[in-house]
Structure formats: structure tokens, C-alpha cells
Amino acid sequence: MQLTARDKTLFRLLCRHNLLSTKQIQHRVFDGLELTTVMRRLRKLQAGGFLVRLGMLPCRTWVWGCSTLANELFSGFASSSRTNLHTMNHDVQLAELRFLFEDLVPIDDWFDIRHIVHDALPPGLKRDFCRDSYDFKKGEAALTPDALFIGRKKNVQFNCALELELSIKASNRYRKILNHYSYKRDLKTILYVVENDHIRHAIESNARLYIRKDEYNIYTVRRQDLFKARDNAVLQNTRDGSLVRLFEIFDCRTRTDAHQAAQPVDKQVSKSGFGFEVPKASDW
């Protein structure tokens, strides 16, 4: 089978994010082509042994991952070829959140449970998130961050965790996760992107109980606000309730003008890379 440059770009993108929906692939790799044309190419790559169909979202959109062959030939990393159907929608929306952060903030690499399991983290993160930190046989995979990355402010690097919360968890679950974070030595910045204020309040109340050290900064922001306001989105620090904008935490690629920055968040309208304001599950 003759592979094109777009095919190889697709393999690398799937390796970076682990899985993507058909529509995400269309917009990021095959922009300008009809969805039916994209599906034909994806089916050919699947038949050739390069792609794996992981499942279908409730909106009847397929989700794809790299096969072992594609990983060995093009990515050099053993990404997952199977995923939990119950968490697939979360993972697809997490990938879209990563795309947004890449548009706003310089990010060299993303790290997640795949890298933790294979001890493939950079030194700054490996000390806090080495494989030995988890007992995967006891289900501690649930304690691993959704994503890890290295942020920058005034060109100074610092370790960050990104968590996407689409539904509320039990307080005991939050207690375990936050308690696990409280023992990290090099990671002090944790961003929770939440679906609604009910989830935000649950995280904030538990963070105040179980994260007592002042050096930890746990920020919460509603997902719809982040996609609308982008680098002007307002985040709340769970430690003291203070408000800060995204560009005050990270060096951002672009900055809106001072007039727009002064507006309330709900008055700011900005578009994501897909050309709409807030991504919905049906868009995947």
C-alpha cells in the first residue's frame, strides 16, 4: 500500500493524542476533503493494517487509533489500540481540549498514562509520575492525570497537569486524586477544565480540604468559557479564590487587545479551530 505524506501526518497525530474521531481527523489532516472521501481513506488504512477502529461515539462518529504496525514504523511509541467505550467520549473531547491549548500555548509534547506505564517521561516529570508510583493492579490508573505537559511563563519552564471533568465524581474519588497530587515535588500547577459550576464547586471544596500547601496552584475554569475567551479565559485558584487569566499563567502565542481583555468573559466571543464557539459531542 502506497502511503502519502498526509497518512504519515495522521499516524503521528494519533500517536500524540492516542485517539481521534473521524471529524477531528478530517479537520486536522484532510481539511477541504469531503467526509465520505476521508472515510474511504481511513478504511483503506484500516484494511492495510495501519489504523484500528476503536468504537463509535453516541453521535455515530467513529474513533480511530494507530495499529501496532503504524506505531512501529512511524511513531516509535506504543500507543493504545484499545480503549474503554465508557470513557471514549471523554478522551475525544480531551483531544479537542489539547488542540485548543496547542493553539494558545507553546507545548512541545503531551504525556499521559501511556508514557507513565512505559516510563517514557522526561526527567522533570518522571520523578513525580514514575510507573512505581502507581499500583495498576489495584485500579490506580484512575489516579493518573488526563494529560501532563511542560508550560512556560517568561520562558521559565514548569510542570503542569490538565484534567477534563465532564461529570461529577464522588468526594472520595476527588480526595484520592488530590491527595495523590499533594505528594508531587515538581508539579505545582494543576488545571481543571470542568463542564459546569457544580463540578467546579466539588473540586474547589475538596482541594481546600486536601491540598494544604501554599505552593500548589489548582485552577478551575468552565470548558465553555475557555473555548470562548481562549487566552483571556478567567481561571479561579482553589487555594484563595483569586481570579487569573490564562495569559497570566502561561506565555501565550497571541494576545487579544486591551479593549477585549477588559470585557467580561461572557461578552467575549472567539472561535475555536473548528470555526464554532463551544465544541459539542455531536461535532465529533
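Colleague: In what order do the three strands of the open sheet run, and what is the pairing?

Modeller: Remember that this is a predicted model. The order is β1-β3-β2, and the pairing is antiparallel. At the edges stand β1 (20-21) and β2 (51-56), each pairing on one side only.

Colleague: How many bridges join β1 to β3?

Modeller: Two bridges join them, and β3 covers residues 62-66. For a residue pair to look at, take Leu20: Trp64 in β3 stands opposite.

Colleague: Now the six strands. What order does that open sheet have?

Modeller: Read β4-β5-β6-β7-β8-β9, with mixed pairing. The edge strands here are β4 (147-153) and β9 (243-245), and each of these pairs on one side only. Neighbouring strands of this sheet are turned against each other by 35° on average, direction ignored.

Colleague: In which sense do β7 and β8 pair?

Modeller: In the antiparallel sense, over two bridges. Strand β7 is residues 217-222 and strand β8 is residues 234-237. Find Tyr219, then look across to Asn237 in β8, which stands opposite.

Colleague: Next, helices on a sheet. Which strands does α8 lie across?

Modeller: Helix α8 (residues 171-181) lies across β5 (156-165), β6 (187-194) and β7. Its direction is at about 150° to β6.

Colleague: And which strands does α9 lie across?

Modeller: Helix α9, residues 197-210, lies across β5, β6, β7 and β8. This helix runs at about 170° to β7.

Colleague: On to rings. How many aromatic pairs does a search of the whole structure find?

Modeller: The search finds six.

Colleague: Is Tyr134 buried or exposed?

Modeller: Buried means under 20% relative accessible area. Tyr134 has 7% relative accessibility, so Tyr134 counts as buried. Phe136 has a relative accessible area of 23%, so Phe136 is partly exposed.

Colleague: Which residues form one aromatic cluster?

Modeller: Select Phe101, Trp110, Phe149, Phe158 and Phe250.

Technical notes: Residues numbered from 1 in each chain as written. Predicted model: local features only at pLDDT ≥ 70, side-chain atom pairs only at ≥ 80, totals over all residues. Heavy atoms only, no water. Pairing = 2+ DSSP bridges. Helix = DSSP H or I, 4+ residues; strand = E, 2+ residues; numbered from the N terminus. Axes fitted to C-alpha atoms, helices over the stretch in contact; angles between N-to-C directions. Contact = heavy atoms within 4.5 Å. Phe/Tyr/Trp six-rings, centres within 6.5 Å; stacked < 30°, edge-to-face > 60°. Buried < 20%, exposed > 50% of the residue type's maximum accessible area, 1.4 Å probe, protein only.
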